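Subject: Structure for you to look at, with notes on its contacts

Dear colleague,

I am passing on the structure we spoke about, and below it you will find my notes on what was found. Please read them with the structure open beside you.

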Amino acid sequence: MNILYKDFKNEPILDFSKEENRKKVFEALNKIKKNLNREILPLISGSRAQSINPADPQEIIATVSECDEKLTQKALEEAEKKFYSWAHTPVKKRAAILKKTAQVLRNKKYDLIALEILECGKQWMEADGDICEAIDFLEFYAQEMEILEEPRKLGGEPGQNNLYVYKPKGVGVVISPWNFPIAIPVGMIAAALVTGNCVLFKPSGESSACAFEIVKAFEEAGLPQGVLQFLPGKGSVIGKYLAKHPKIHFIAFTGSKEVGLEIIEAAAQTQESQHHVKKVIAEMGGKNAVIVDADADLDEAITGVLQGAFGYQGQKCSATSRVIVLQDNYEKFIERLKEAALSIKIAQAEDPGSFVGPVISKKAQEKIKQYIEIGKKESTLLVEREVPQKGFFVSPTIFIDVKPNHTIAQEEIFGPVLAVMKAENFDEALKIANGTRFALTGAVFSRSPKNIEKAVKDFDVGNLYINQKSTGAQVARQPFGGFKLSGVGSKAGGPDYLLQFMNPKTITEKTMRQGFSPETI
Amino acid sequence: MPKIEKEIQEFSKNLLAQSRNQIPSVFNKEWWIGKILDFSMKDKNFKLELFRFIDVFPTLTTNAHIRSHIEEYFKREDLRLPSHIRLGLLAATEGLTSTLAIPALKKNIHHMAKIFISGENTQDASKNLEKIWNSGIACTIDLLGEKAVSEKEALEHQKNYIELIEKLSELTPSWKENKSLDFNHEGRIPRNNISVKISALNSQISPVNYDESVSITKEKIRPIFRKAQEKNCTVYLDMEHYQLKNLTLSIFKSLMEESEFSQFKEAGIVLQAYLKDTEEDLKNLINFCQEKNKKVYVRLVKGAYWDAEQIWAGLNNWSCPVYLNKEDTDANYEKLSLLILENHHFIKPAFASHNIRSLSHAIIQARHHDLPQTGLEIQMLWGMAEPIKKALVSFGYRIRDYVPIGELVPGMAYLVRRLLENTSNESFLRQSFSDIKEEEKLLKKPGS
Ligand SMILES: Cc1cc2nc3c(=O)[nH]c(=O)nc-3n(C[C@H](O)[C@H](O)[C@H](O)COP(=O)(O)OP(=O)(O)OC[C@H]3O[C@@H](n4cnc5c(N)ncnc54)[C@H](O)[C@@H]3O)c2cc1C
């Protein structure tokens, strides 16, 4: 079989069994704490908002000057001015800037880990993973664009030269979430930039300080001014304004299904002054299921489910939120899962032992708690734990005897809440797994080649994991993204991603003049 | 050839000659295991399917499941099985014959497991233990458990270890006195001896949470050490994956420093010669013992997770912690043996290997470092290399078997490791007893 990206080396995660690596994170945390309440500015100041530590809401990580519509419009005009020269900058140079940005992130790795821990409540290894992924996106898209840049010659007939090339679209928007505060925005920005577009970057308000670091990293790497415009502020203001804007060519969005669908709708309405159809690259939610087969290795399945469901408090679009267990294994599985969930440590992410930390905001905390109340009415509570009062903690929560149509088995909760269901056989398990509006990730723990084959064929997800947890996709190895209402089928970190930021162009030149052509002469 | 090397050659040739009169269970083709492993060594595809099947087998609770799995694993176009294996396996999938063939297959797999795992529980194993003792071999007991995914399971493991010490202390006193097993050069040594895995005791152990992992694991081990101190039992901390290596060392040293255990002379740790780090770790351990005035057991092994370490390092793009050349591991084993023997005032050596060359080197070097024959111990795995053990017993060496006890499901990981180890191309046992490699090549100084 032809292996793609065999030589692409992902940025290695840190080996925390080595003392020096642990020490550097502790040092970075201490350093950063002395220098908090960072000031974050867009191009020109507007109103102000704060980004806080979810484990300690008193601790202000950054004060953000928010953009309003007027500033946004100005940023857009500035970006437009730069488009021509950036689009004509050789790919080699654009790619080099990405690679340099990767190096900047690498150099700042420990500081960035510390910042993610404090601003977003990311656990140490989660934060490290996020930065590695960001670096991977930069390296990978740089490499991909160098390949895509080469015009492809089509057909071999004489007298005519047919070429197929890709051109940038124009100025676009990147709207990013807080849950992978560096990797996701870096991925979207890098893809848009390396393909020759200019970018208006609207980060989540909950990860403003991380977002600012991204902008600084691109700047440090030599990205020409104006190509990337930083627009901190409210999605309801800037996002809405830009999604409708006739001068915007594309919108790269990662976030909730609700906002994603709004953007798709807004973008679809062509304005009077608009000269193009807007492209939306949207990655939305998931309601990801894990199937535990009758012959599954339970040691593996339980650790995988626990990490998938509660890692980073379940705030990943790839998080495991449903488990479907074959009845032969059901009792044993829930018994062991329960004890396992009772054993994990709930603590702020600064604590390197934290398995479950605070969720991102008060609003998120309240929403998740509401779902837990619904779950209690619908099904049976298996695990709920005491959590610290300070900070936005929500207990890792498990429900059993959940029915496929229950609210907690259908809606994305984006928190540490897990619904366990029973299935009589593998076919039924697959049917339940496929029975939601989402199709992002899924996992199967099975040692039956036949059932694995069935899952490969019929488990409707963008990323299927076999005997592995449903989270943790790696650039190039596991291009990430889903379909149905999980997304538009764009796969970040894969071979098709960059294409969505470009318009293909076919060039046909008649090379025969006066009866001769390059082939005959 | 230097004098010492000559002595090693002489000793090892003799040992090999004596051993080759017999055949270890694993390679005995009279038995199903011998036949099936023999074929697996010839056909990689079959080996992969076979080991995967053995891995899943204990979780198959119904005959229907067994049947469908055999079909899925072995009824494949691309697998060409010799007729005796085909018939045995496929009979289990066909209507009429399956009623007979499935029980036969179950029996065969259980037999295979029983070669390496001595019983489902201590009660079960107690007869075996005495039998082993009567054949002139001491033991260290390992409890095979499920991976501890919760604190409940970890506490269960801890309780089992404490009970194990109790039970051993009731069992062993009635065993017959045996000079070479009961004494080292300094005096009487315990008959009770156990081997403990830290990952079984702390379900939340994780390198990133280093300090807390150390302190919590220590809390878990303390009662075991306490019981061991009370009942006169040796406790080894086994060495697991590389990710737990530094933790294991820290935990061990930190416990040794506690005043409660200042008089506990029966603690030991395992070091793996396949790791590039180990020389440094051993030197640090020796310094530690020197400074703190301690004497501990060190069991020197090559390492049981060679394949896995490579895979993990590969997946993470980490530099590989293990040597990639078998000879480098063997050479390192000899280097570390020497370092241990040079420091036998701080380290009580146990050489755990089935490799005649590696053992002979340690035995001869011990003589040159004024360590009496009873000052060292040879350790091997139960169910392996029986002929070598027998020969060494007849030479008067103290042999200790590593005897696992536990049920089949949680024992699978151990069983599969043993099957891998025995059938690996690089395995000394395979080369000696299955491939019948020439003596010169088997016994030559590694790296020469
Ligand atoms: C009493 C006892 C206790 C044990 N406790 C532990 C323990 O706590 N932790 C642990 O990890 N193991 C432990 N072991 C297992 C031990 O590591 C293996 O049994 C041992 O590696 C087999 O080595 P050998 O010298 O018998 O055989 P040999 O055939 O000489 O060596 C095989 C070993 O060489 C190494 N090797 C194989 N191929 C290569 C290669 N290409 N490059 C480099 N190295 C290679 C591997 O370590 C392999 O296991 C224990 C063994 C015994 C006998």
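How many residues of domain 1 of chain B are in contact with domain 2 of chain B, and how many residues of domain 2 do they touch? The answer is 15 residues of domain 1 of chain B, which are in contact with twelve residues of domain 2 of chain B. Please keep in mind throughout that this is a predicted model.

**The two domains of chain B**

Chain B is divided into domain 1, residues 31-114, and domain 2, residues 118-443, and the C-alpha centres of these two domains of chain B lie 32 Å apart. Between them, domain 1 and domain 2 of chain B bury about 1,200 Å², with 80% of that area on carbon and sulfur atoms. On the side of domain 1 of chain B, the residues that lose the most area to domain 2 are B:Met41, B:Phe51 and B:Pro58, which together make up 42% of what that side buries. Across this interface of chain B there are zero salt bridges, and the count of residue pairs in polar contact, with both residues at pLDDT 80 or more, is one. The elements of chain B that give two or more residues to the side of domain 1 that touches domain 2 are α2 (32-40), α3 (44-56) and α6 (95-116). By class, that side of domain 1 of chain B has eight nonpolar, three polar and four charged residues.

**The ligand and chain B**

Around the ligand there are 29 residues, of which B:Gly303, B:Thr329, B:Ser353, B:Glu421 and B:Phe428 come nearest. For B:Thr329, an N or O atom of the side chain is 2.6 Å from a nitrogen atom of the ligand, whereas for B:Phe428 it is a polar backbone atom that is 2.6 Å from an oxygen atom of the ligand. The side chain of B:Lys326 also has an N or O atom 2.9 Å from an oxygen atom of the ligand.

**The two domains of chain A**

In chain A, the domain assignment gives domain 1 as residues 19-284 + 486-506 and domain 2 as residues 288-466, and the C-alpha centres of these domains of chain A lie 30 Å apart. The contact takes 26 residues from domain 1 of chain A and 29 residues from domain 2 of chain A. The area buried between these two domains of chain A is about 2,300 Å², and carbon and sulfur atoms give 59% of it. Of the area that domain 1 of chain A buries against domain 2, A:Gln123, A:Trp178 and A:Ser486 supply 24%, more than any other three residues.

How many salt bridges are found across the interface of domain 1 and domain 2 of chain A? There are three salt bridges across that interface of chain A, and the count of residue pairs in polar contact, both at pLDDT 80 or more, is 14 between domain 1 and domain 2 of chain A. The elements of chain A that give two or more residues to the side of domain 1 that touches domain 2 are α1 (19-33), β3 (56-66), α4 (109-120) and α5, with the largest share, four residues, coming from α4(A). By class, that side of domain 1 of chain A has 13 nonpolar, four polar and nine charged residues. Elsewhere in my notes on side chains, A:Lys316 and A:Glu126 meet in a salt bridge at 2.9 Å, N to O.

**Where chain A meets chain B**

The contact between the chains takes 35 residues from chain A and 29 residues from chain B. Chain A and chain B bury about 2,800 Å² between them, 47% of it on carbon and sulfur atoms, and in chain A the residues A:Ser17, A:Arg336 and A:Arg447 lose the most area to chain B, together 21% of what that side buries. Five salt bridges are counted between chain A and chain B, and A:Lys450 forms a salt bridge with B:Glu72, in which the closest N and O atoms are 4.0 Å apart. The interface of the two chains also holds 19 residue pairs in polar contact, both residues being at pLDDT 80 or more.

On the side of chain A that touches chain B, α5 (124-149), α10 (298-310), α11 (327-343) and α14 (449-458) of chain A each supply at least two residues, and the largest share, seven residues, comes from α11(A). By class, this side of chain A has 13 nonpolar, six polar and 16 charged residues.

With best wishes

Key. Residues are numbered from 1 along each chain as its sequence is written. Chains are lettered from A and ligands numbered from 1 in the order in which they are written. This is a predicted model: local features need pLDDT of at least 70, side-chain atom pairs count only at pLDDT 80 or more; totals for chains, interfaces and linings use all residues. Side-chain values use heavy atoms; hydrogens and water are left out. Contact means heavy atoms within 4.5 Å. Buried area is the accessible area (1.4 Å probe) that two parts lose on being put together, summed over both. A polar contact is a pair of N or O atoms within 3.5 Å; within protein, one must be able to donate a hydrogen and the other to accept it, and residues adjacent in sequence count only if both atoms are side-chain atoms. Ala, Val, Leu, Ile, Met, Phe, Trp, Tyr, Cys and Pro count as nonpolar, Asp, Glu, Lys and Arg as charged, and the others, Gly among them, as polar. Domain bounds come from an automatic or database domain assignment. A residue is near a molecule or strand if one of its heavy atoms lies within 4 Å of it.
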